[in-house]
Amino acid sequence: MKFHLTVDNWAVQKADARAVRFDVFVIEQKIPVELEWDDMDEHCVHAVAYDENGHAIGTGRLLPDGHIGRMAVRSAGRGQGIGAAILQALMAQARQRGDREVVLNAQTQAEAFYGRHGFIRDGEEYYEAGIAHVCMRQVFS
């Protein structure tokens, strides 16, 4: 699947990022909608991936404190490098602004994905919104 990626602020990315997150987290994973939205979006750098027809198929965000979160790819785009491209773009943004590391809270089913991108598990499994997670981090050299 051909896709392209944009990285920008919430004002620019809001509509497409929200649509992907709603489909993946609220509809597919049944996370309560009130847990999905917070007041941090407007302070984050957002990446959105688009398919060749211009439809948003993936997203993620980088918080001011170096956390990467809200990584989501619609089912039709999974397994095609979209999540990896989003993750790499957000990591590049963190490096560019001088962050020394990035941290994320991975659903345990995605731990191997993040491990392939240099993240190391940091701590025990815990539950958030009824889904098992682990903290993972990558220190930049």
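The largest pocket of this predicted model is lined by 36 residues, and Phe-25, Met-71, Ala-72, Gln-107 and Tyr-114 lie nearest its centre. Helix H1 (10-28), helix H2, strand S4, helix H3 (82-96), strand S5 (101-107) and helix H4 (111-115) each give two or more residues to this lining. The most comes from S4, with seven residues. The space in the largest pocket is about 940 Å³. Here a pocket is an open set of points on a 1 Å grid over the protein atoms alone, with protein on both sides within 12 Å along at least five of seven lines, and lining residues have an atom within 4 Å of a point. Its volume is the space filled by probe spheres set on the points, which are joined across faces, edges and corners. Helices (H or I, at least four residues) and strands (E, at least two) are DSSP runs, numbered from the N terminus.

Local features need pLDDT of at least 70 and side-chain atom pairs count only at pLDDT 80 or more, while totals for chains, interfaces and linings use all residues.

The strands can now be followed one by one. S2 and S3 form a hairpin with four residues between them, and Gly-54 in the turn has a positive phi of about 85°.

S3 is also joined to strand S4 (residues 67-73) by four bridges, again running antiparallel. Thr-59 stands opposite Ala-72 in S4, and Ala-72 is among the residues nearest the centre of the largest pocket. Four residues lie between S3 and S4 in their hairpin, where Gly-66 in the turn has a positive phi of about 90°. S4 and S5, in contrast, run parallel and are joined by two bridges, with Leu-104 in S5 as the bridge partner of Ile-68. S5 is mostly covered, as five of its seven residues are buried.

Terms used. Residues are numbered from 1 along each chain as its sequence is written. Side-chain values use heavy atoms; hydrogens and water are left out. Two strands pair if DSSP finds at least two bridges between them. On a 1 Å grid over the protein atoms alone, a cavity is a set of points where a 1.4 Å probe fits but cannot get out, and a pocket is an open set with protein on both sides within 12 Å along at least five of seven lines; lining residues have an atom within 4 Å of a point. Buried means under 20% relative accessible area, exposed over 50%, partly exposed in between (1.4 Å probe, protein chains only).
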